Amino acid sequence: LQRQMCIRDSVMAAVKKAGGALQHASDALKNDKEVVLAALHSFGGSLEYASDNLKKDKEVVLAAVNKNGQALKYASAALRDNKEVVMAAVKNDGHALAYASDDLKKDKEVVMAAVKEDCWALYYAGRTMVLEHVSKNGRYLCYASAALKNDREVVMAALQQYGCYVM
């Protein structure tokens, strides 16, 4: 038991300095919430190395995405469909929208937060949200996915705003 505590203390010290060190920890320590939270404080992307159990823990995932929005990629499917978690992620990094559930990629508040952080996040948004954006400002078409740049209705909405200056 004393040896295990010594190992835990060593891992804790390592992850506090470099969160990625969590990848070298034992499965038991990757499932230790205190150790994982320490790693996330150093590097949000270390959620990748946490146990599946902790990737389902809202507190743990929020700690990760508040530090690194892209860590949403490693969260459980249920938390990638949790609006509070996704909002935290996209406010940190708009590109985190790529890892949100399909439903949240269509959510106006989520998409607006992502695009506010980074216009390129519109690339991951659903058709309805892209259409709404280009209808207000045709220049947003440059941020849309290739499929939506080939969507007649989307392109026409953009052209109505800026004509030939869209692209």
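The answer below starts with the chain and then turns to one residue.

A: This is a predicted model, in which local features need pLDDT of at least 70 and side-chain atom pairs count only at pLDDT 80 or more, while totals for chains, interfaces and linings use all residues. Residues are numbered from 1 along each chain as its sequence is written, and side-chain values use heavy atoms, with hydrogens and water left out.

The chain has 11 helices and zero strands; helices (H or I, at least four residues) and strands (E, at least two) are DSSP runs, numbered from the N terminus. The radius of gyration of the chain is 20 Å, whereas a compact globule of 167 residues would have one near 15 Å. That radius is taken over C-alpha atoms, and the globule rule is 2.2 Å times the number of residues to the power 0.38. Along the principal axes, the C-alpha atoms fill a box of roughly 70 × 25 × 20 Å. Buried residues make up 47% of the 167 in the chain.

The part to look at is Ser51, in the loop between α3 (33–42) and α4 (58–67). Ser51 counts as buried because its relative accessibility is 15%; buried means under 20% relative accessible area, exposed over 50%, and partly exposed in between (1.4 Å probe, protein chains only). With neighbours within four places in sequence left aside, Ser51 is in contact with Lys30 and Asn31, where contact means heavy atoms within 4.5 Å. For the chain, of the contacts between residues at least 6 apart in sequence, 37% join residues at least 24 apart.
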